[in-house]
Amino acid sequence: MKSSKFWLAVLAAGVAVNIFDYLVHGIWLAPTYKSLPDVFRHMSDPTWFIIGDFVAVLVFAWFYDKVYACFGGGVKGGAMYGLYAGILVSFPTWVFIHLVFEGFPYGLSWTMTFLGIAWGVIAGVVLGAIYKKGAVAVAL
């Protein structure tokens, strides 16, 4: 069973990335999505996006727990974990997505790549600031 700090960190990071996603996808990129109706469908109910962010943060935090000794806690450790995880997930996925979906703009692929990395850093910072497992031995 995970500690209460773990679950608090998941909740806080979930709220943070939901705010980030709302600002980025719900406001900033919404006109782009609407201009590409053959690529993106309109969804009036954001519930699944909200749930999806919390599930993603749960998996993100679970993996952070497993590799914690490599990064440590605190804002710096969480940010580094988030940067690495964001690059690992976002770079190959989004840069090549325009090859899979007809009409997906190449420039948007790079935008989504950088936003995915930012998402990881934000989630990592929040997790690292809250979820601390204790002193980490220094590797030589």
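**View 1. Helix H3 and its bend at Asp 65.** Helix H3, which spans residues 47-71, bends by about 55 degrees at Asp 65, the bend at a residue being the angle between axes fitted to the seven residues ending there and the seven starting there. The model shown is predicted, so that local features need pLDDT of at least 70 and side-chain atom pairs count only at pLDDT 80 or more, whereas totals for chains, interfaces and linings use all residues. Residues are numbered from 1 along each chain as its sequence is written, and side-chain values use heavy atoms, with hydrogens and water left out. Helices (H or I, at least four residues) and strands (E, at least two) are DSSP runs, numbered from the N terminus. Within H3, the buried residues are Asp 53, Val 57, Phe 60, Ala 61, Tyr 64, Asp 65, Val 67 and Tyr 68, where buried means under 20% relative accessible area, exposed means over 50%, and partly exposed lies in between (1.4 Å probe, protein chains only). These buried residues of H3 pack against helix H1 (4-28), helix H4 (74-95) and helix H6 (106-130), with contact taken as heavy atoms within 4.5 Å. Just after H3, Gly 72 adopts a positive phi of about 80 degrees.

**View 2. The largest pocket and its lining.** The largest pocket holds about 1,400 Å³ of space. Of the 39 residues that line this pocket, Asp 21, His 25, Tyr 33, Phe 49 and Asp 53 are the closest to its centre. On a 1 Å grid over the protein atoms alone, a pocket is an open set of points where a 1.4 Å probe fits, with protein on both sides within 12 Å along at least five of seven lines, and lining residues have an atom within 4 Å of a point. Grid points are joined across faces, edges and corners, and the volume is the space filled by probe spheres set on the points. At least two lining residues come from each of H1, helix H2 (30-34), H3, H4 and H6, and H3 gives the largest share, 10 residues. Sorted by class, the lining comprises 25 nonpolar, 10 polar and four charged residues, where Ala, Val, Leu, Ile, Met, Phe, Trp, Tyr, Cys and Pro count as nonpolar, Asp, Glu, Lys and Arg as charged, and the others, Gly among them, as polar.

**View 3. Phe 49 in helix H3.** Phe 49 lies in helix H3 and is exposed, with a relative accessible area of 53%. Leaving aside neighbours within four places in sequence, Phe 49 is in contact with Asn 18 and Met 43. Phe 49 and Met 80 are 31 residues apart along the chain, and their C-alpha atoms are separated by 25 Å.

**View 4. The largest nonpolar core.** Among the 28 residues of the largest nonpolar core, those that touch the most other members are Leu 29, Phe 60, Leu 108, Met 112, Trp 119 and Leu 127. The elements that contribute two or more residues to this core are H1, H3, H4 and H6. A nonpolar core is a set of buried Ala, Val, Leu, Ile, Met, Phe, Trp, Tyr and Cys residues joined through side-chain atoms within 4.5 Å.

**View 5. Leu 108 in helix H6.** Leu 108 is located in helix H6 and, at 7% relative accessibility, counts as buried. Apart from neighbours within four places in sequence, Leu 108 is in contact with Leu 29, Thr 32, Tyr 33, Leu 36 and Phe 40.

**View 6. Ser 90 in helix H4.** Ser 90, found in helix H4, is buried, with a relative accessible area of 5%. Not counting residues up to four places away in sequence, Ser 90 touches Val 95, Thr 113, Gly 116 and Ile 117.

View 7. Gly 103 lies in the loop between helix H5 (97-100) and H6, and is partly exposed, with a relative accessible area of 45%. Its contacts, leaving aside neighbours within four places in sequence, are with Leu 36 and Val 39. Gly 103 and Asp 38 are 65 residues apart in sequence and 7.3 Å apart in space, C-alpha to C-alpha.

**View 8. The whole chain for reference.** The protein has six helices and zero strands, and 35% of its 140 residues count as buried. Its C-alpha atoms fill a box of roughly 50 × 35 × 20 Å, taken along the principal axes. Among contacts between residues at least 6 apart in sequence, 76% join residues at least 24 apart.
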